[in-house]
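I opened this notebook to record what I looked up in the model, entry by entry.

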Amino acid sequence: MFKSVRFKRCYKLITIVCLTIGLIAPAHSFAGIDSDVQQNMDRIGKNDGETQMAELKGPYADPAQQEVAFGLRSFFHAPWRSYMDTWDASRYLDVLGINFNVEQGEAEATAQVLEEAGIRSARVEVGWGELDFDDDTQFRDWNYKSLMMKVAALRKHHIRPLILLNFNSGMPSPSREWTVKLTKPATAGDREIYIDDTSKIRVKYTGLNRVARHTMFPVITGVDAATGKCTLSAPLPKDLPAGDLFLVQLKYQPFSGLEFSDGTPNPAAQETIDGWMRYIKTVTSTLKDMLETEGQADAGFDLEVYNEYTFGYHFMDINYYYEPKLSFSKPISYTQSDGVTKDGPEIILPLTADYVKNPENRLPGVNVISGFSNQRPWDNGTEMWLNQDGFSKHYYTGYSPDESPIVPGNTDDKKLYIDALGKLDGKRNPDNYDHSVAGSYLVPAHMSAFPERHFYFYQSESAVRDIQPFPGPWTHHFRYANPGNGKVPQVWMSETNYARMLFARELIDKLGISAKDEKLVSLMHYIGTKTTLRNYIFFGHKGYHTINLYAAKSEDTGFTVIPEAFYSELKKNNYVLTDSVKQLAGPQLRAVANVTNLIKTGKKIDTPRALKVDRIVEYKPRLVFEGDGTPEHPDRYNRDDLAVLPYQLDAGKFAIGYYVVTRNMTHSYDTTKDVLDPDRYAMPMQSFDITFSNICGERASVYAYDPIEDTKHPVQIVDSDASHITVKVDSVDYPRFLIVEEASEGPLIENVVLEKTVEGAKASFVPSVDGTVQISWGPYPVRGGGSFKEERYTNSKPRTLVSEAEISSVNYFKTLPAEPGFWRWTGSVVPNYSENYTFVVSTDQMNTIRVWVEDSLVVEGNGKVSGSIPLEAGKSYRIRAEYTNEYANPHTMILYWFSDSQPKELVAPDASGTNQITRKVRAGKKETVLLPGMNAGDGIKLELSDGNVTTRFPQWSYDLKGVLHETTK
């Protein structure tokens with residue numbers, strides 16, 4: 001409800017909101033832009049008229065794409081291309097979610113059309129303020145009826161509720177409001193007012209309403225009943241005439257400290273915490289009753305704690321209500337069973353998580369995710385609370401004509417940029433090391449208004465950081481990061497969408513038309529259909545757990561997924577979903593349903609076979625933006641932004657999403673078309689050759705499916721053999737699917753079980769084909785038996801040897817001793833591929849690192865540094881790394897490597913047959929293998945080949961599958 005009100009405000013406020021969440025977008029042509037720059041922008045999306053084809057340079061999945069440290073930016077790096085997953089059908093089906101912000105009478109019909117499209121998750125806000133003031137173990141009557149209707153509809157249509165537990169600035173806790181008379185006019189800045197009746201006022205819990213953005217401001221801190229004088233906690237923010245005045249009492253004071261600075265206890269702080277816990281109990285018990293899940297294995301819903309600091313931060317701190325601020329000597333605090341302690345109002349997250357996971361409260365299966373993370377970059381899997389299941393993001397994007405296009409002079413000169421080679425672009429400002437000198441770096445002129453914007457480095461962080469399958473420059477941010485409990489964090493996109501409203505406003509003002517103009521509405525849903533598919537398919541495929549689009553109901557020119565006409569007709573029909581009403585559910589849901597119907601034909605596959613893109617050729621290349629012709633600033637073309645998103649439907653069938661990730665959803669490709677004609681903004685089809693490996697192309701059948709048109713298209717097989725296929729596809733700016741069906745089933749590794757027995761560790765699995773399996777095991781994530789020699793010396797001269805050890809990998813994240821010293825690691829490595837290998841060192845900025853391969857110094861420098869060298873597959877190479885630490889603080893030292901074919905991993909020492917087994921296997925026959933020397937925390941790796949293609953368990957070395965835990969049976 002809060003959200004629907006928010007986006008009905010004026011467009012000026014919407015612009016501010018969009019900027020707050022990182023939204024930047026262009027128009028088509030702007031006054032004041034240099035003519036040469038405008039000519040560059042006019043060439044975007046076009047071929048030069050001469051070049052007929054060109055090949056993508058470098059590997060398609062390139063880990064270097066994400067090697068941009070937090071705080072830096074780049075126009076040339078696409079971190080989503082640092083990896084490519086292959087998922088089974090459940091990945092797409094499970095990500096489909098929506099914000100279910102409908103009125104109670106609309107809930108049943110809306111839930112039905114959502115279910116038919118494949119939606120599985122619905123976010124519903126149940127605010128703290130919806131509880132009854134006098135008895136906050138109950139809901140207000142209207143709120144209860146509304147929630148009951150929504151939950152009943154979702155339950156009937158098998159859509160799982162994600163319940164947002166929230167307090168916003170307008171109605172943060174149970175409250176009651178009444179009217180008094182202001183007997184004397186008051187002036188902004190006054191600290192006292194006079195009213196006719198003070199009898200209902202509870203001092204420090206009562207304040208003025210509808211005077212400021214946050215309820216109960218200023219707070220009434222003192223009352224003189226005889227005169228009607230009320231003392232205020234802060235100056236009055238505006239003039240008030242004599243007459244009606246709205247007062248409000250909150251049941252609980254805003255979050256504060258347990259003890260004032262003078263030693264006086266503040267019982268209101270604990271009272272607020274206790275009120276929150278009653279709120280949790282009331283909401284969860286009510287939901288179980290509504291869903292009828294008491295006693296079942298799954299309570300049937302999930303919880304998100306808090307929503308966007310932008311809109312609800314006032315109640316988080318009592319000092320937003322007081323001037324001068326109150327001072328506390330003892331904060332509110334909470335310590336979990338593992339000893340981790342946190343101070344401040346965010347303790348409501350672990351309090352909620354611990355309540356939910358306590359078996360006494362009978363809430364099995366309920367996931368608890370943090371919403372404090374919605375608009376900030378710090379949250380990660382490594383530092384999650386003990387019983388927390390994940391965290392959520394709100395990466396909105398869209399079009400904003402009030403923001404200039406990305407052109408020289410209009411970017412943020414207070415940031416540092418990285419060029420295409422990964423080096424600092426331009427000059428550091430000598431007066432501020434963290435800033436660049438304006439005009440010293442290249443700004444490629446182009447537009448940036450597309451759903452995937454946060455998967456690039458336009459901003460100081462990337463949406464990829466917490467979902468990529470290996471660590472990036474921030475080591476504790478990645479898909480499998482966890483606080484030591486082996487639980488993979490769920491990273492939700494609990495709100496996102498592409499904002500259309502400012503583009504619509506531009507057209508409305510330009511054409512003098514109504515927001516209800518049929519052509520305008522049609523255009524908005526055309527753009528919405530493409531962005532909805534891109535949001536669901538791209539975000540989910542890259543690793544987000546669930547995508548809850550905002551929203552089921554909004555304006556046609558805004559964020560709505562379902563057209564306004566659907567709700568209007570539904571109301572006329574007394575909220576009965578007839579065929580005529582259903583026909584108005586709109587093109588967005590139709591397209592989503594078409595993808596759902598395609599993907600749901602797939603089977604559950606525990607570990608899909610990973611495909612690889614070997615080569616991409618673009619026909620009649622089209623410009624994304626123009627560089628300056630140097631390796632540091634190359635031109636970028638559509639082949640650089642071609643998304644390839646494979647799903648494996650069964651052992652021999654794949655559905656591979658593909659489309660050009662166009663940077664501007666409102667780009668005019670055909671200016672001869674009317675500005676309200678969708679064809680004006682449709683990217684013309686463009687051909688690409690894509691070569692896939694690890695797929696049997698011999699006698700394979702292929703075609704392409706378009707989910708918007710609901711049509712099949714022929715696909716040309718350019719070349720094929722037993723392990724490759726090259727196809728020529730026609731791509732557009734939204735996902736189509738390449739369907740590849742092999743002539744026979746390929747290898748799968750099924751029913752993998754890892755357990756501890758009296759004989760030691762044991763693994764069993766079932767291969768789906770006759771073939772050869774290679775098995776290795778050892779410390780996670782290397783999963784091998786080799787070691788490096790580690791020598792630690794004093795930092796004195798001459799150095800003195802302090803200790804020696806054998807280690808499985810150089811992998812110290814803030815765990816080297818907090819003292820100066822010198823370390824040396826030596827050993828050998830055997831690469832799997834004859835390729836150029838990049839070695840990456842992640843360490844502290846001021847410390848020195850050197851890495852030699854044989855006698856070649858490959859890496860030298862401070863902080864995060866890297867270097868490359870060609871290596872031959874199967875050949876052993878001596879490696880030596882030396883690290884000097886000058887400071888007495890905990891230190892990081894991690895050594896990675898990657899190549900075109902190998903993802904970013906810890907450098908693995910040569911195992912030379914240690915902890916390795918190769919054996920022949922038969923299809924369908926269970927294999928059991930003893931793993932001598934395997935310890936708790938070690939991992940296993942399986943590679944099954946039928947002679948042509950290979951499947952691996954797990955797909956990524958950092959995956960927590962196949963890791964032996966103490967609790968393994």
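**Cysteines**

I began with Cys 696, which at 17% relative accessibility counts as buried, because the cut-off for that class is under 20%. I then looked up Cys 230, which is buried with a relative accessible area of 0%. I note here that the model is predicted. I also searched the whole structure for disulfides and found zero.

**Nonpolar cores**

I turned next to the largest nonpolar core, which has 190 residues, and listed those with the most contacts inside it: Trp 80, Phe 566, Ile 599, Phe 692 and Leu 738. I followed up Ile 599 and, leaving aside residues up to four places away in sequence, found that it touches Ala 89, Tyr 92, Leu 93, Tyr 647, Leu 649, Ala 655 and Phe 737. A second, separate core has 27 residues, and I noted Val 810, Trp 823, Val 851 and Tyr 877 among them.

**Helix H12**

After H12 comes Asn 574, for which I read a positive phi, near 55°.

**The six-stranded sheet**

I traced an open sheet of six strands with mixed pairing, in the order E3-E31-E32-E38-E34-E35. Strand E3 (87-88) and strand E35 (711-714) stand at the edges with a single partner strand each, so one side of each has no neighbour in the sheet. E3 pairs with strand E31 (residues 642-650) in the parallel sense, over two bridges, and I noted Gln 648 in E31 as the bridge partner of Asp 88. Helix H14 (residues 587-599) packs on the sheet, where it touches E31, E32, strand E34 (701-706) and E38, and its direction makes about 15° with that of E38. Helix H11 (residues 518-542) lies across E3, E31, strand E32 (653-660) and strand E38 (736-741), and I recorded that it runs at about 75° to E31.

**A loop residue**

My last entry concerns Asp 855, which lies in the loop between strand E47 (848-853) and strand E48 (856-862).

Notes: Residues numbered from 1 in each chain as written. Predicted model: local features only at pLDDT ≥ 70, side-chain atom pairs only at ≥ 80, totals over all residues. Heavy atoms only, no water. Disulfide = S-S within 2.5 Å. Buried < 20%, exposed > 50% of the residue type's maximum accessible area, 1.4 Å probe, protein only. Core = buried A, V, L, I, M, F, W, Y, C linked by side-chain atoms within 4.5 Å. Contact = heavy atoms within 4.5 Å. Helix = DSSP H or I, 4+ residues; strand = E, 2+ residues; numbered from the N terminus. Pairing = 2+ DSSP bridges. Axes fitted to C-alpha atoms, helices over the stretch in contact; angles between N-to-C directions.
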